[in-house]
Amino acid sequence: MDDEGQHQDQVQQLQEQMGGQQWHQQQQRQQCGPGFGSLYTTVCDRIRAENILDTVMEHFQQCHSDQARISYVWQLPEVRELQLKSHTSGKCSEEAQSCEELYDMLVNSENNAARALEVVQRAILKTPADDTNVLARRFMKRAWALLLLEQFDDAFTDASRALHIAKSPGLLWNAHEILAHCHAKMKSYKKAEPHFVKALEGLRKSSASNEEKAAVAGRVSTVFRMVKEENKPKNRAKETNKKQQEMKTKKFNKKKKKEQTKSENSIDEDVIREEENDEEEEAGMEKSRHKLPEVPKISLGKNSKLDCASAAVSVVVIEGRGRCVIANRDIRAGSVVMVDKPYASVVNADQLHQRCNNCCRRCLTSLPCLHCAVVVFCSDECRSSGAAQHRLECSVMTHLYDATLGKMAPLVFRILTAVSWQRLKKSKEKLLSDPLLEDEAPKLIESIMEGNEQQKWRWEGHYSPTDYLTTLYLVTNASKRSFGDHFKRALSAVYISQCLAAAGFFGSNPGADDIKFAATLAVRHLQSCSCNAYEISEMQLKENIAENKSLEIGGAVYPTVSLSNHSCFPNVARYNVGTCCVLRATRLIPRGAEVLDNYGYYFHVIPQVERRDTLRLQYKFECSCEACTGSWPLYPHRQGEPIIFRCPVTECNAHSSFLDGRQMECKSCGDKQLYGKLVKSISTRLDNYSKALSLMHDAKFESALKVLLQHQEFLETQAVYPAKHYTDVQEMLRQCLNCLGNTHCVNPKVNTN
Ligand SMILES: C[S@@+](CC[C@H](N)C(=O)[O-])C[C@H]1O[C@@H](n2cnc3c(N)ncnc32)[C@H](O)[C@@H]1O
């Protein structure tokens, strides 16, 4: 067999071994109790087999509270028998070893670097946390794959980390080589040199074969020679002068760029600071290289009652709409209406291996949880601060992330574990007898906003996302749910409360009543999350902005943002910075008008019938927005219609089409002066639109936003919607705002999606 054939054979063998491990996982699933899917199917099958569906429905539908619904399912034989065991999907030295072997085979070919990275990521996840030397070696190997993929910052982080944690760093001569290459790539030649020296020294002392030593020496020598050349005094002086000159130019440009906003400036400042503090780079190995964008400040002052909203909004209750956020003064496009923190947030199942479990940040140089092989963190700091919320779920991840239980389950688990059991237990009687919990939330807001004594469990007269009550009292639409919906949610809630028990939330030997109480709260959260939870997203930036896409990376509960109702023609855009949620106006919200979000159903993209059906099914309301009542057409709204605008003569206001700017007289009132002036200005304004587009292409989002907002203000007074150009601007504004939040430049070399 030739080398290639043998290699393929070994790769296949290792992959089969991994398949075997999946079977092993299935065995573990059997040991730790049934998945939710099997519980649900067993209950349904029995009801069908015993032909008792009508009786069950009749009894269950007489339950008019969550407590009653939980009590009903609690007495089902399958539920009484249900016992879940904790089980940490733990580390496994053998699997980690197989992965490392596979990595060693793959990494020799540059074409396989991305696959090698995936495999070594798995090896790191599976390595027991106390195996420090092995872990260090694997960090170093990951650094090598990252170097091959030209992810120099990340390679630097991992190689430094490897040297830092290794008990015998001398063995890691390869880590020095990686650092040397990274420094050389970053043109820090002075720093590259000692690392090359250490790498060669280490290599000489190592047990590597002579053949390997010769190969590495060959690999290193070309770059090393270049580095030494650059470090010669005359070249260094040139380099220093060049750097100083570059810095001067940068500072000068920075001053000149007055029109650029703070956030773009801060990127420049970062660049300068980075160059000034070169030394910090070495020390910063635990700092993530992927900085989050700045969280914007709330506009028009802070609200005195709603911690996370602007003073320009108030909350009122409107029959048929529940709580509504209303502008108490004109809010201009671009204003930041809310910056909400999540009460609880989770990373989506398919993102667990590549997102920090604490801050949701994407990380190629992740640190795994110390106990399980499921979640990762971006840094030591996040691993320590995220430990509290992950501690309990760590041993029941298999149950919680079971697809049949639904993606709200991990979020509900976190909502409950964010409140300590002691605190919940203390309030148990009060909460169970709270008549307001049986009703829809709108009635609550008045009593709560007034700081009613009855509600003062942790309420301090203002609405805060850190207060459990704000999440507990989110609207559930319980009275509009079907039998099937309630029945499945009640069973899911019992399953989640059993997960809590297995994880030790209630302490040892919890009473059935305590577990039932937690299930009662869980079922409420399952209902409210279905119409109040939001996705956490990240914008995937491609070279062509038309291909940019928003990727859902997690989910969260934002109690303040949750107060805003839906419109298919919204006046705000929502985006994420880390796990924070920002709500910004995309057009003027006049005083007295409602702040209207969009739940993912825009009038110009989804046909009206489909929008209304989905909103009715999931959010339990009949949409009566402008677009629905006016039956606005899908995009493009009218063929060949660039802009429809109003004649500026107040008495006329007739609608006209702007096609090529040649018609300079109103067909309706005959005015030439005002009409002609407006037509000319439209031509200029259209240039602004193209300017914004090209700024977006250059990733200058803050500048693009400024231009777009000016254009939007013009359209607001003159354009008639729905009109293609108006929708284009709204869409572009939305995309631009999204690009100011979590973004990721898609690198085709690294498979990170
Ligand atoms: C995120 S909450 C919005 C705030 C909610 N009105 C409240 O009282 O807390 C979503 C729920 O609000 C209601 N809702 C949202 N948009 C609505 C609309 N356009 N018309 C009527 N009800 C709406 C529905 O009950 C929906 O499930």
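**Close-up views of a predicted model**

View 1. Residues are numbered from 1 along each chain as its sequence is written. L596 belongs to strand β12 (residues 596-597), strands being DSSP runs of E with at least two residues and helices runs of H or I with at least four, numbered from the N terminus. Apart from neighbours within four places in sequence, L596 has contacts with S564, N565, H566, S567, P570, N571 and V572, a contact meaning that the C-beta atoms, placed from the backbone, lie within 7 Å. Between L596 and L563, 33 residues apart in sequence, the C-alpha to C-alpha distance is 9.9 Å.

**View 2. Packing of helices α6 and α7.** Helix α6 (residues 93-106) packs with helix α7 (residues 113-126) at an angle of about 160°, the axes being 8 Å apart; axes are lines fitted to C-alpha atoms, for helices over the stretch in contact, and angles run from 0 to 180 degrees between N-to-C directions. The angle therefore makes α6 roughly antiparallel to α7, a term for angles over 145 degrees, with under 35 roughly parallel, 65 to 115 roughly perpendicular and the rest oblique. Residues of α6 including C99, L102 and L106 meet residues of α7 including V119, V120 and A123. By class, the residues of this contact are nine nonpolar, no polar and five charged, where Ala, Val, Leu, Ile, Met, Phe, Trp, Tyr, Cys and Pro count as nonpolar, Asp, Glu, Lys and Arg as charged, and the others, Gly among them, as polar.

**View 3. Packing of helices α11 and α12.** The axes of helix α11 (residues 189-205) and helix α12 (residues 210-230) come within 10 Å and cross at roughly 155°, so α11 is roughly antiparallel to α12. Among the residues making the contact are F196, L200 and L203 of α11 and V216, V220 and F224 of α12. The residues of this contact divide into 11 nonpolar, no polar and four charged.

**View 4. The shell around the ligand.** At least two residues of the shell come from each of β2 (322-327), α24 (512-532) and β9 (565-566). The shell has eight nonpolar, seven polar and three charged residues.

Conventions
Predicted model: local features only at pLDDT ≥ 70, side-chain atom pairs only at ≥ 80, totals over all residues. Contact = placed C-beta atoms within 7 Å.
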